Structures are given as structure tokens and as C-alpha cells.
Amino acid sequence: MKQLLFFLLLLTYALVSYAQEQSVAYQTKQYSYSYSKHISIKSNCEMADIVFVKSTGKSIEIRCTYSAKHTDKSIAAKELERHNILVRENFNDIYISNYFTISSDENEPKAKLKIKFEISIPDEVSLEIHNNFGSFIASNVSLKGIVYQDFGKIELNNLSGDLKIISNLTNIFSDNYSGKLEIRNKSGDVTIKNEKGNNALLFIENTNAKINLQNISSGVNVKIHISNCSINIDKNDLENHAVNIESIKQPIIVESKYKTESKGNKYTLLINAEKPLPGFIIQSTLSTIKIN
Amino acid sequence: MTENNLNKIWANIESDLSLDFQETNKVALTKAINNLPVYSASDKIWKQIDSRIHQPKIKFFSSRKMSIAASIVGLLGIAIGFLVWNHSSKINFYAVKATENIDLMSISDTSTASFEKIKNATCQLKPNYCSSDEFKNLTKQYDELINDQHRILLQSKISDDENLQQMLLKIENQKKEIQQQMIAMVD
């Protein structure tokens, strides 16, 4: 009797496990282009994970992996057809785009879809990335240009270059960036760690977000414009900068050794103001500024 | 002539023919064979035959080998073609554990009715504030949040990216903050 019960339990578990499984059907496409200093990569993507990595070769390799997930394997395979992918080269431009086919008489696709472009580059490239949802991730490469990312996330690791990011509801994380980084975000949290470089620039414009800055080196000019945000700053990062922080409608939270001035609803903190150091300038409205 | 007579005649003919072969023809045939001319090949010809026999064959391709080789090449071609085609168009699969789908509509209060009420009340009680840049800016921000919310909900139909939930929650919080800012102005 016990054995029968055990067997039934095992059978139930197996059935439940099977029912909980989903099949992911996926395919890959690969493209290869010769590299030159003048090459520019442009994208117009939907929901794509765009990943830049350093290549060991001398060419630009693009590997596209796209998938469809459904409990029914055959439906997952069929739904792959919704992916439309275009990768082509035109003179010095490599153009990447994707979209999904959903006919007007359909309410929604049966499967959940996903697409990833992994781009290996041997050296610095210019960018013009447009991506809605999904993500933009770059590691150990040198990039210059502009990234428009609506929703989703951006991750930059060990990067050098000159990047401008224009985003909405996008969480941005950067670690070990060297060069010029300009972020114009809306309602997306921003974390910047280990920013470095001589005559480098970190510019952040943001609203309704949390901002964390850690280990910003003395060679980096910092300019921040925020409203309805909370920002955390490492006090050590202020020592080697000419600091000028202005906060409207919110006092600045800072150790007592620093003296803030207030005039009406405006609070000001000045450190090393007279010294010819790279600036650390913040202009904020209705934001909480914490210096720890 | 009767049948018996005919049979006798045929029997006589057969007997004569047999006797002729055995006696006359046999002797003549034996004589002829014995008198056949005899030819013998010269030593040079035998040497040539011998050297030809032991010479290695330098035939590169026999028609049989050619056909086998062609078949192998053909099969290889088909196999490589299949592999290339298969590699480019093969659908791969892997299994993942099903995650519970959260109804994103349930975490997003898409109705703008409450905001409209607050907005109208603010304008009735504080007409000056109602015409200020700050009020207009808050209203604009709220409209943009509603627009973003719709885009995320549409996206959730084809994507199960968990970031979508976080974005919707963030939008809901921001909408509430804007409402609270307006209420604070009226208070």
C-alpha cells in the first residue's frame, strides 16, 4: 500500500513538473564584417538585448539569437516566425533592426518573445543605437556616439570613450568608465562607480530617480541637474573637486564639518570653491542630497 | 508405296551414312588433322608477352572506380549542403521552468478618474496655482506616465521581462507622488 502511495506521489510530481515546464525554441544568425576606424553601428530595435563585447579577431562579428517561449513546443517553434531581423552593411555603416509581426486580427502572440544581438568589436566604433525596452550592455570596449534607450536597462563595464545616453525609465549602471559620459534620463535609477580619466566629464540629468555616485576620480568634471530625486555622494569624492551644490526646497544632508548656507528655500554647499580643480556641480530641485 | 517400305528405305540410308562416317570420313578426317601446318612463335614475341604480363597497370581510373568516387563526392556534397542548411535553419529547444505570470494590469491603476478629481478640486480651490507652471508641469508628467504605462502593458503581451513589473510599480509610485503634491498644495 505504501509503495502504491509512493508511486502515485511520484507520478503526480512528474506530471506537475512536466506541466510547469516551458519550451524555448531558438535560432541563431551570424554576420561578419571587416573592421575599420570609420565604421559606425546603427540600430533601430525593439525589445532587443544589445550586447557589445571585445573581440579577439580583427572583424566585427554579430550573433543574433532569437527565441519564443511556450508550454507547447510546436507553438514555440511556430511563433519564432514573428521575429523579423535585418542586419546589413552600407559603406561604413552596419545597420541592425528588428520588429515583431502581429497581425491586426490577433489579440496577442501566443508565445513570449526575446531577441539578443551580441556584437564583438576589435576596437573603437561609433554608435547610434535606438532601442525600445530590452537592454544595452557593453563590456571592455571603447565606444563613442549616442544611445537612445526607452525603458529597460543600460550596463557599462570597463568602458572608455565618449557616450551620450538619452533614456526614459531606464536603469543605468556604470563601473570603471573612462572618458566622457553624458546621461539624460527620466525616471530611471543611475549608479556610477569608479569613474576616471583626465579632463573626463560626467553629466547627469534626471527626474524621479535614485542616483548613487561612488569613487569619482579627481580628473572627472561632474555636472548634475536633478528634480524629485535622491542622490548619494561619497564625501571623499568631493575633496579633490571644486564643489558647488545648490538645492531648492530640500536641505543638503551632510557632515557638520561642511557648512551649508541657506537663503529662502535655496541651500548651498561650497567646498574648495576658490581652487582650480575640476568641478562637482549639482543643481537640484525637490531632491534629497546625502553626502556620506 | 506402303509405310513399311518407306521405313526400310530410311533404315538403309541411315546404315549407309553411319558406315561412311565410321570408315571413309573418319580416315579422311584423321589424315587431315595430322597434316595441319605447325606454327611456332619466335622467342622475341614470347619475351614481349612475358614483359607485358608482369608490367604494373598504370590505369588511374577505371570506370568502376570513377563511379564510386563520384558517388562519394556526391554524398559528401549532399551531407555538407544539409549541414549548412541545417545549421542556418535548425530550430533548437531548451526547457525552462514555467514562471507564474502576474497580471500586470492588476498592479497598474490605469484609470485617470482620481487624478482628474484632484486636478479639478485643485483648480477650484487654488485657481492661481492651477495656472502656474508647476501645476502644468505636474499635469504633463502625469500624462507622460499614463502614456508610458500603456506602452509597458502593450509590451507585456509579447515579453515576460521582469523589468516590466518594476517599471509599472515605479510609474504607479510616481503617479501617487504627483497626486500627493497636488493635494499638499490644496491643504
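This is a predicted model: local features need pLDDT of at least 70, side-chain atom pairs count only at pLDDT 80 or more; totals for chains, interfaces and linings use all residues.
With 26 C-beta neighbours inside 10 Å, F133(A) counts as buried, where buried means 20 or more other C-beta atoms within 10 Å of a residue's own, exposed means 12 or fewer, and partly exposed lies in between, with C-beta atoms placed from the backbone. Residues are numbered from 1 along each chain as its sequence is written, and chains are lettered from A and ligands numbered from 1 in the order in which they are written.

Back to F133(A), then, which has a positive phi of about 60° although it is not a glycine, and which sits in the loop between β8 and β9 (135-139) of chain A; strands here are DSSP runs of E of at least two residues, helices are runs of H or I of at least four, and both are numbered from the N terminus. Another residue other than glycine with a positive phi, near 55°, is F91(A), found in the loop between β5 (83-90) and β6 (93-100) of chain A. Is F91(A) buried or exposed? F91(A) is exposed, because it has 8 other C-beta atoms within 10 Å.

Let me turn to the strands of chain A. Strand β8 (residues 125-132) runs parallel to β10(A), and eight bridges join the two, where strands count as paired if DSSP finds at least two bridges between them; N132(A), for instance, has D150(A) as its bridge partner in β10(A). Nine bridges join β10(A) to strand β11 (residues 153-168), again in parallel, and in that strand D162(A) stands opposite K144(A).

S142(A) belongs to β10 (residues 142-150), and it is partly exposed because 17 other C-beta atoms lie within 10 Å. Its contacts, leaving aside neighbours within four places in sequence, are D123(A), E124(A), S160(A) and G161(A), a contact being two C-beta atoms, placed from the backbone, within 7 Å. E124(A) is 18 residues away from S142(A) in sequence, yet their C-alpha atoms are 4.6 Å apart.

Now to chain B, which has seven helices and one strand, in the order α-α-α-β-α-α-α-α. Buried residues make up 11% of its 187 residues, and of its contacts with a separation of 6 or more, 76% are between residues 24 or more positions apart.

Within chain B, the axes of helix α4 (residues 113-125) and helix α7 (residues 163-186) come within 10 Å and cross at roughly 25°, the axes being lines fitted to C-alpha atoms over the stretch in contact, with angles from 0 to 180 degrees between N-to-C directions. That makes α4(B) roughly parallel to α7(B), since angles under 35 degrees count as roughly parallel, over 145 as roughly antiparallel, 65 to 115 as roughly perpendicular and the rest as oblique. Residues of α4(B) in this contact include F115(B) and L125(B), and those of α7(B) include M182(B) and V186(B).

Finally, the two chains: 20 residues of chain B are in contact with 26 residues of chain A. On the chain B side, β1(B) gives the most, with six residues. Strand β1 (residues 21-34) of chain A pairs with β1(B) in the antiparallel sense over six bridges, and one of the bridge pairs is A25(A) with F93(B).
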